[in-house]
4 protein chains.
Amino acid sequence: MQKIIILIHCEDQKGIIAAVTDFIVRVEGNIIYIDQHVDVEQNVFFMRLECELTNKNSNLEAIKNVFEISIATDFKMSWEIHTKEQKPKMALFVSKYDHCLFDILGRFSAGEFNVEIPLIVSNHEDLRSVAQRFDIPFYCIPFTKENKEEGEKQQIEILRKYKIDFIVLARYMQIITPNLITLYENKIINIHHSFLPAFPGAKPYHSAFKRGVKIIGATSHYVTNELDEGPIIEQDTTRVSHINSIDDFIMKGRDLERIVLARAIKLHAERKTMVYNNKTVVFS
Amino acid sequence: MQKIIILIHCEDQKGIIAAVTDFIVRVEGNIIYIDQHVDVEQNVFFMRLECELTNKNSNLEAIKNVFEISIATDFKMSWEIHTKEQKPKMALFVSKYDHCLFDILGRFSAGEFNVEIPLIVSNHEDLRSVAQRFDIPFYCIPFTKENKEEGEKQQIEILRKYKIDFIVLARYMQIITPNLITLYENKIINIHHSFLPAFPGAKPYHSAFKRGVKIIGATSHYVTNELDEGPIIEQDTTRVSHINSIDDFIMKGRDLERIVLARAIKLHAERKTMVYNNKTVVFS
Amino acid sequence: MQKIIILIHCEDQKGIIAAVTDFIVRVEGNIIYIDQHVDVEQNVFFMRLECELTNKNSNLEAIKNVFEISIATDFKMSWEIHTKEQKPKMALFVSKYDHCLFDILGRFSAGEFNVEIPLIVSNHEDLRSVAQRFDIPFYCIPFTKENKEEGEKQQIEILRKYKIDFIVLARYMQIITPNLITLYENKIINIHHSFLPAFPGAKPYHSAFKRGVKIIGATSHYVTNELDEGPIIEQDTTRVSHINSIDDFIMKGRDLERIVLARAIKLHAERKTMVYNNKTVVFS
Amino acid sequence: MQKIIILIHCEDQKGIIAAVTDFIVRVEGNIIYIDQHVDVEQNVFFMRLECELTNKNSNLEAIKNVFEISIATDFKMSWEIHTKEQKPKMALFVSKYDHCLFDILGRFSAGEFNVEIPLIVSNHEDLRSVAQRFDIPFYCIPFTKENKEEGEKQQIEILRKYKIDFIVLARYMQIITPNLITLYENKIINIHHSFLPAFPGAKPYHSAFKRGVKIIGATSHYVTNELDEGPIIEQDTTRVSHINSIDDFIMKGRDLERIVLARAIKLHAERKTMVYNNKTVVFS
């Protein structure tokens, strides 16, 4: 049986849930999961449904049309319908650090992510051998202040060529350009090595050490034009103490970075995140 | 506006969600929260709804009748409807340890629990002064092997007199009798000072110390006739190390006991727990 | 047997540990615990020792003198020697929030803190009844911009009268004056309701909610003249999600505040904290 | 400068610390770290020291001799002295699961473990390609009830050939034979996929699911002849809820397994663990 995922958000109004669930019955669907949230302050309604279509002859395009006409227009909804079979295509951007890359490719090999990884992009050659170990095409696109425009052009070309759905910055140490952010709005996932909003920007472990915090963190967020200010998808923390050096912070932080980024990838790939008002609704 | 909570469980079938949401529309309700779960293995459907009744003249008894006739019978549902205004009446059973009692009464005074506490029952006089500090009636009902029957009789009498809805064993060190368990099925909350199913029974901190675990826990569960085997509501854990003595385990464990029990009380009082097959569904 | 605690810090040099352990042997002490730390960056040595004096006739003042002459002077040490029997006298400063106060007094009654609590100070009358329940003198010293000088004078007078060793701000909502900070350097413990350095200042839960963080925290620190910038003693965090309102943040945060403050009090009372360079060494 | 690590345990007696620190001074060492613990119940003393030898001409064998003669004999110590430069040789035993293997090899490649990995041993061919990706020799030694003796013989031969110091069972699904355990006492590290002592033996995630726990865990321990009863090195836990299926438990558990095992390897490789009385002292 075909499984579909429906994501909806719109102004909160009476009768939305009833209308949607009624629609599911009409298209011979069986609701497996329904998640819903109302942002009371902003008066916005969010919903995520997983259904099985019990009729083998169900046509996804037809269903989308019916949904648009009979429901979405009335409630002025923003919506998406995906099938579970469609694996989103994920591009990895890396630089020189390999711990997140190893982790992601290890999990990918172990079947943890329901995605395809058509390519890895880097501004350095260093991690080409890692990509080769996992048989994934590796593109080195140098990126400096001088060739910014040309670099961006190449990046976008290659992302288009491979029909990339979303981008993961696995400790990619470059600023993403506004054009790319616009093309992939809420579709570029970064991992920042601090508990945001504490210690944004460069060298957060050094700042955390200096401040004498007893806990460090990592934060995965969608990239926006404001550095380290995008909607947070996932965070986690771990204890440190006076006995830990900056190197210990970095080592402990790596585990956080790996796990927090892996969780964010999984949530995004399973279409469990929705963005609104620079925040995320995460149906997990 | 009146707020109601509906709890449902039944065999999983097509169309339940649509039927229920449609019912809410008919009684002029506005769904605030809908939580739903299907136990795929057991094929059981669970639901919890919070709605506002927008019509001031809504009559709760009438609504219950319509629900029973038009929905519950068809789907063979087990169901409850509560108003948010009804504060459940909670009895505290204590023995000699005071840390959970202090914590619960402190939270109660601070308005954290939406309950009434009409009485505290103990098999010892020790904590009478604590009850008095918080102006709550204290009943000392001695409980020994010899007076078991008489003790139980007195307990039940007083619980009936105060129309107690649920019982919290705040480190009450006695076995609860089968009669009381039957009267308050899934309504007696215990706190056990270990991460169940590890270390059931007496002296769990001593056993944990002996085993050399690196983490200890606490478990809140509904009481059944099998000691420490009832449906788990909430658990939490904390790290220990070789430097910690048994006394340290006990001290650290107290914080777990306090918090885990407080969370379980809150979940139960807000009617966010449902029991099935010796497990809980917790809509939090 | 008398137990003593020795705290030392000085420039790191060869032979300190050997000199100190040798001294313990000479005064017929038996080391129970030795904790030591070197801040490599700053080249500072820290040590905490617990010893039993096996000679009944040991004289603490004599021991202190010998230590000063034979060890401390040579190594230019800052040092303190305490007996375990001396319970430090702790003053509680509160305002209107009662959750930390209830928690501290509950733990105090349960014997968790090795301190005396001679008094509670507040700028409001609201919590007098709580103090009375626990039979602790309560002093209401109003504190406004206008009477700052007079208020501070009264505070200092009363702290002197009761020979207070350290002060705990249990959600005391006033700025502490520089004079008081000087008198009680590294002896005033505050609880801030955020994961510092994120969200310093007022209304941190509101800011955390707005930023859409997935984890909130609480921080206990010594008070310095820079608001929320003092040496951090302890922190902890807990998960939040999109379903949590600001009120939920506040409620969940309370548990963090309680626990983090309680741990900081315990560490300070047991003389397990040392401050250097606006950071703490915590021997736990 | 050469760095050495000294591990000691013996009956607790007066003057041990003074004797050892005095010894360090005599061999021109500078203590970097001293960790010490007394098991009060068992009256056993444990110590771990890290020192720099400031004299370039220091001879490790000579130092060991002096230590044995001038200290260890008197106090009847069990002791080890290692240099930091000696990387211990670690053998990986795997079966069919690859997540721990990928994680360990990723960390190894990233320089997180101060070890050599001369070989990977498996009872199946499945993970040969992973070993090849990381250029590590892979030995498939089938292991069944029938060839137990022969299999063990081959294992021991190859471990000897490569001078293996310790063995990591990275989800190796076979029982280790008593002979191998004797040869590598407290040197075989296993990862068990539950929060021991809860759910020992086979299929712990299934048992945890059935019991309805709210938290699952993983445990790394030294292998002894009692299955899953050896000294615990490290544990960690993560939350689960009613929405999680057994497959979710397995997926979440994988992260625990990876991290807990990686921590245990690091602690062992850095010689921070000591075993006594079926428990570990972990100086971290």
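Two strands count as paired if DSSP finds at least two bridges between them. In this predicted model, strand β2 of chain C pairs with β3(C) in antiparallel fashion, through ten bridges.

- Four strands of chain C make an open sheet, ordered β2-β3-β1-β4, with antiparallel pairing.
- β2 and β4 (78–83) of chain C each have a single partner strand, so they form the edges and one side of each has no neighbour in the sheet.
- On average, neighbouring strands of this sheet are turned by 10° against each other, direction ignored.
- Strand β2(C) spans residues 29–39 and is mostly covered, with eight of its eleven residues buried.
- Four residues lie between β2(C) and β3(C) in their hairpin, where C:N43 has a positive phi near 60°.
- Strand β1 (residues 2–11) of chain C runs antiparallel to β4(C), and six bridges join them.
- Opposite C:I4 stands C:T83 in β4(C).

**Helices α2 and α3 of chain C**

- Helix α2 (residues 60–75) of chain C lies across β1, β3 and β4 of chain C, and runs at about 160° to β4(C).
- Helix α3 (residues 99–109) of chain C is mostly covered, as nine of its eleven residues are buried.
- Among the buried residues of α3(C) are C:H99, C:D103, C:I104 and C:R107.
- After α3(C) comes C:G111, with a positive phi near 80°.

**The nonpolar core**

- The largest nonpolar core has 184 residues, and A:I104, B:I104, C:I104 and D:I104 touch the most other members.
- Leaving aside residues up to four places away in sequence, C:I104 touches C:M90, C:L92, C:F113, C:I117, C:V168, C:A170, C:L261 and C:I265.

**How the copies relate**

**Salt bridges**

- Over all chains, the structure holds 76 salt bridges.
- A:E50 and A:R48 form one of them, with their closest N and O atoms 3.0 Å apart.
- Both A:E50 and A:R48 are buried.
- C:D255 and B:R107 meet in a salt bridge through their side chains, at 2.6 Å from N to O.
- That pair joins two chains, because C:D255 lies in helix α8 (residues 246–269) of chain C and B:R107 in helix α3 (residues 99–109) of chain B.
- Buried means under 20% relative accessible area, so C:D255 at 14% is buried, and B:R107 at 3% is buried too.
- C:R263 forms a salt bridge with C:E234, and their closest N and O atoms are 2.6 Å apart.
- C:R263 lies in helix α8 of chain C and C:E234 in strand β11 (residues 232–239), so the pair ties together parts 29 residues apart in sequence.
- C:R263 is partly exposed at 27% relative accessibility, whereas C:E234 is buried at 7%.
- Salt bridges with shared partners link A:D103, A:R107, A:E112, D:R254, D:D255 and D:R258 into one network.

Key:
Residues numbered from 1 in each chain as written. Chains lettered and ligands numbered in written order. Predicted model: local features only at pLDDT ≥ 70, side-chain atom pairs only at ≥ 80, totals over all residues. Heavy atoms only, no water. Buried < 20%, exposed > 50% of the residue type's maximum accessible area, 1.4 Å probe, protein only. Core = buried A, V, L, I, M, F, W, Y, C linked by side-chain atoms within 4.5 Å. Contact = heavy atoms within 4.5 Å. Axes fitted to C-alpha atoms, helices over the stretch in contact; angles between N-to-C directions. Salt bridge = Lys/Arg side-chain N within 4 Å of Asp/Glu carboxyl O.
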